[in-house]
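Here are a few notes for when you have the model open. Take them in order, and keep the sheet in view as you read.

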Amino acid sequence: MKANTHPDYHTIKVVMTNGTEYLTRSTWGSEGDTMNLDIDPTSHPAWTGGNQQLMDRGGRVSRFKKRYEGLGI
């Protein structure tokens, strides 16, 4: 087996969106770094069951709704 083929595995601190912190082992960053999450299981609609907000960039969603509004789907 080759030597030095695996990345460095060390302890980091993860900070969730609600401020909860925990220590875990990871290959991300370096020893003692802090990873601040933008999305986590406490805030993402896929895990919380919340409604996702549609971003209408350039009117694409409105054009789609207007084109297919008479189908009754």
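1. A cut-off to start with: a residue is called buried when its relative accessible area is under 20%, exposed when over 50%, and partly exposed in between. Glu21 comes out at 47%, so it is partly exposed. Bear in mind that this is a predicted model.

2. Look at how S1 and S2 sit together. S1 covers residues 10–15 and pairs with S2 in the antiparallel sense, over six bridges. Within that pairing, Lys13 has Leu23 of S2 as its bridge partner.

3. Which side chain does Lys13 meet in a salt bridge? That would be Glu21, at 3.8 Å from N to O. The salt bridge count comes to one. Side chains of opposite charge can pair when their charged atoms come close. Like Glu21, which is partly exposed, Lys13 counts as partly exposed because its relative accessibility is 28%.

4. Finally, have a look at Ser26, in strand S2 (residues 21–26). Is Ser26 buried or exposed? Its relative accessibility is 17%, so Ser26 counts as buried. A polar atom of the Ser26 side chain lies 2.9 Å from the backbone nitrogen of Trp28. Leaving aside neighbours within four places in sequence, Ser26 is in contact with Asp8, Tyr9, His10 and Ile12.

Key: Residues numbered from 1 in each chain as written. Predicted model: local features only at pLDDT ≥ 70, side-chain atom pairs only at ≥ 80, totals over all residues. Heavy atoms only, no water. Helix = DSSP H or I, 4+ residues; strand = E, 2+ residues; numbered from the N terminus. Buried < 20%, exposed > 50% of the residue type's maximum accessible area, 1.4 Å probe, protein only. Polar contact = N/O pair within 3.5 Å; in protein donor to acceptor, adjacent residues only side chain to side chain. Contact = heavy atoms within 4.5 Å. Pairing = 2+ DSSP bridges. Salt bridge = Lys/Arg side-chain N within 4 Å of Asp/Glu carboxyl O.
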